[in-house]
Amino acid sequence: MQELLFPSNTMVVITSVETDGETIRVEARCTASGAYCPACGDWSAQVHGFYQRFPTDLSCGGRPCVLVLRVRRFVCSTPACPQRTFVEQAPGLTRRHGQTTERLRSTMSKVGLALAGRAGARLATHLGIVTSRNTLLRRVMDLPDPVSTEPRAVGVDDFALRRGHVYGTVVIDAETHRVLDLLPERDAATLAPWLAAHPGIEVICRDRAGAYAEAADTAAPQALQVADRFHLWQNLASAVEKTVAAHRSGLRDLPLPVPEPEPVWETSPGEAAGRDDETDAPTGKFAERARMHHALVHALLAQGMSLRAVAQHLGWGRHTVQRYARAASWQDMVKGRKRQLPSKLDPFKPYLTARWAETGGRVTVLALFREITARGFRGHYSIVCDWIRRDLPHQEGFTPPPPPPSVRQVTGWLTRHPATLTEEEKLHRKAVLDRIPELASAAELTSSFAEMLTTLDGLRLPEWITAAKTSGLPGISTFAAGLEGDFDAMTAGLTTDWNSGPVPVEGAVNRIILWNQCSSSLAGRGLALCRVTSRCSRRCTRAGDRHGRCAVRTQRSCRP
């Protein structure tokens with residue numbers, strides 16, 4: 001029993017073990033001849049008295065264990081010591097003013113770190129540990145700070161605590177991807193002192209912000225500045241979007257290719273009618289449930305069961321079974337379920353119908369929208385557009401032209417990998433590049449930069465900058481000129497493996513933003529979000545910063 005309960009503690013000996021129902025009572029005592037005074041540190045062997053301590057311990061074999069520890073109170077041998085008497089402690093088992101054993105405290109700390117307060121308390125109950133979520137949080141907060149090493153490579157990026165108003169700076173370790181510090185501003189005056197306090201930094205991964213470049217030049221001239229490839233591609237995509245926007249007029253009358261029609265197969269009238277019924281069949285969760293219930297009720301009725309017997313068998317109401325029995329098809333249970341709500345367009349529908357008939361359907365929707373707006377309509381353009389396309393008859397043989405591609409669509413066709421484009425998108429992309437030569441040049445420059453970015457062939461950067469500047473494309477030419485101002489960092493970003501990337505820095509930024517949003521939503525209810533547990537708690541601590549868990553994982557963790 002001694003080796004089972006106290007395998008590594010030779011200063012404690014078990015005197016008796018008893019069982020009381022499901023509870024195991026273990027009595028033990030300390031075997032040391034004396035103890036050191038906690039105030040003056042002198043050794044004392046003069047016993048003042050005895051008493052029993054009942055520290056809470058882990059369960060033994062799935063049964064609750066009550067530990068009764070007989071301890072001695074010693075008299076300090078130093079007359080000038082303010083501590084007249086003191087109690088001996090069992091090393092590795094108890095501590096001063098502690099009500100739990102050290103192994104139970106360690107177990108609770110591990111559970112709190114792994115599962116946070118609420119989930120940890122539920123697991124502790126199954127392990128035979130009676131505790132609360134706040135106790136688990138306190139055990140996590142009592143843990144010492146982890147040993148931090150001097151960072152060699154860091155990633156720097158800004159984040160918004162309040163977009164457009166309050167910004168800060170997050171610094172992470174580019175090797176371990178752990179958050180090192182959060183700075184209150186995103187300027188050079190805030191980052192420079194932090195870099196100066198860490199002279200061992202050799203690599204700084206950053207975006208193209210001038211403030212971070214200035215801080216790195218001033219406080220860490222020995223460090224290699226690396227332009228983050230994620231931000232480089234993000235800036236290029238913005239430049240391509242500006243180029244496409246400058247040529248949006250050429251997209252309006254673009255003859256987009258029409259895909260070949262599907263071959264028409266010969267079908268019998270019965271099959272065609274059945275196919276039309278399936279095409280017009282309602283969809284959704286209610287429709288699927290109605291289909292299943294209708295088939296079930298009619299199958300039971302076909303077996304000769306009455307309506308009342310079917311209702312008792314299924315546990316439904318008799319009137320519900322009656323409605324399914326009277327319906328000839330399951331579609332009848334769904335049709336007419338949605339109630340038509342009044343629309344802002346209802347008073348103007350007669351006028352729109354008359355104007356559509358006068359012009360033979362050749363009037364534009366925009367013109368009709370302006371006419372009814374002048375007559376008092378206060379709805380949105382999309383309401384008019386949807387109703388006209390759905391309810392008004394179109395001219396025979398007239399097919400409205402498809403809408404031209406938007407700037408964002410064309411930008412995606414130029415910046416996405418060709419393998420991710422669908423066949424239709426490839427046809428549209430080819431039509432755009434054939435119609436607008438400037439966008440063809442932009443596509444070629446984008447592809448060459450993407451190849452240089454993925455293969456880390458940064459030696460081709462001067463050649464690419466020259467070609468981009470001479471192209472005269474708005475957006476891309478400006479982007480190329482900006483690369484010359486930070487050429488060394490751009491070359492390092494396109495030739496070395498150092499990269500903060502979207503996973504470490506941007507992931508940390510997203511977690512910080514989510515934590516700030518959850519904290520703001522809870523402030524009105526008198527609650528706070530724990531940085532350690534990523535859950536709501538009435539105690540908001542900074543212990544999570546010490547253990548690398550300084551932000552929430554999901555907003556669904558935010559609950560009182």
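Predicted model: local features only at pLDDT ≥ 70, side-chain atom pairs only at ≥ 80, totals over all residues.
User: Which residue of β2 stands opposite S16?
Analyst: That's E27. E27 belongs to the uncovered face of β2 (residues 23-30), along with T23, R25 and R29.

User: What's on the covered face, then?
Analyst: I24, V26, A28 and C30.

User: Which other strand does β2 pair with, and in what sense?
Analyst: β2 pairs with strand β6 (residues 65-75) in the parallel sense, over 6 bridges. In that pairing, I24 stands opposite C65 of β6.

User: Switching topic. What's the strand order in the open sheet of 5 strands?
Analyst: The order is β10-β9-β8-β11-β12, and the pairing is mixed.

User: Which strands stand at the edges of the sheet?
Analyst: β10 (179-183) and β12 do. Each has a single partner strand, so one side of each is left without a neighbour in the sheet. Direction ignored, neighbouring strands of this sheet are turned by 25° against each other on average.

User: How does β10 connect to β9?
Analyst: 4 bridges join them, and the two strands run antiparallel. Within that pair, V171 stands opposite D181 in β10.

User: What does α4 lie across?
Analyst: α4 lies across β8, β9, β10 and β11, and it runs at about 145° to β10.

User: What about α5, which of its residues are buried?
Analyst: In helix α5 (residues 210-219), the buried ones are Y212, A213, A215, A216 and A219. They cover an arc of only 165° around the axis, which puts them on the same side of α5. On the other side of α5, G210 and T218 are exposed.

User: Why would residues three or four places apart point the same way?
Analyst: An α-helix has 3.6 residues a turn, so residues at that spacing point the same way.

User: What do the buried residues of α5 pack against?
Analyst: They pack against β8 (153-162), β9 (166-173), α4 (188-196), β11 (203-206) and β12 (224-227).

User: Now rings. How many aromatic pairs are there?
Analyst: The structure holds 9 aromatic pairs. Take F369 and Y381: their ring centres are 5.5 Å apart and their planes are at 85°, so the pair is edge-to-face. F369 lies in helix α13 (residues 365-374) and Y381 in helix α14 (residues 381-391), so the pair ties together parts that are 12 residues apart in sequence.

User: Are those two buried or exposed?
Analyst: F369 is buried, at a relative accessible area of 18%. Y381 is partly exposed, at 33%.

User: Which residues do ring pairs link into a cluster?
Analyst: F348, F369, F377 and Y381.

User: And which residues of α14 are buried?
Analyst: V384, C385, W387 and I388. The buried residues of α14 pack against α12 (349-359) and α13.

User: Where does a charged end sit over a ring?
Analyst: The charged end of R70 sits over the ring of F50, 4.1 Å from its centre. The charged end of R186 sits over the ring of Y167, 3.6 Å from that ring's centre.

User: Last one: R105. Where does R105 lie, and is it buried or exposed?
Analyst: R105 lies in helix α2 (residues 102-126). With a relative accessibility of 13%, R105 counts as buried. If you leave aside its neighbours within four places in sequence, R105 is in contact with R95, T100, R139 and D142.

Conventions
Residues numbered from 1 in each chain as written. Heavy atoms only, no water. Phe/Tyr/Trp six-rings, centres within 6.5 Å; stacked < 30°, edge-to-face > 60°. Buried < 20%, exposed > 50% of the residue type's maximum accessible area, 1.4 Å probe, protein only. Lys NZ or Arg CZ within 6 Å of the ring centre and 35° of its normal. Arc of directions from axis to C-beta. Contact = heavy atoms within 4.5 Å. Pairing = 2+ DSSP bridges. Axes fitted to C-alpha atoms, helices over the stretch in contact; angles between N-to-C directions.
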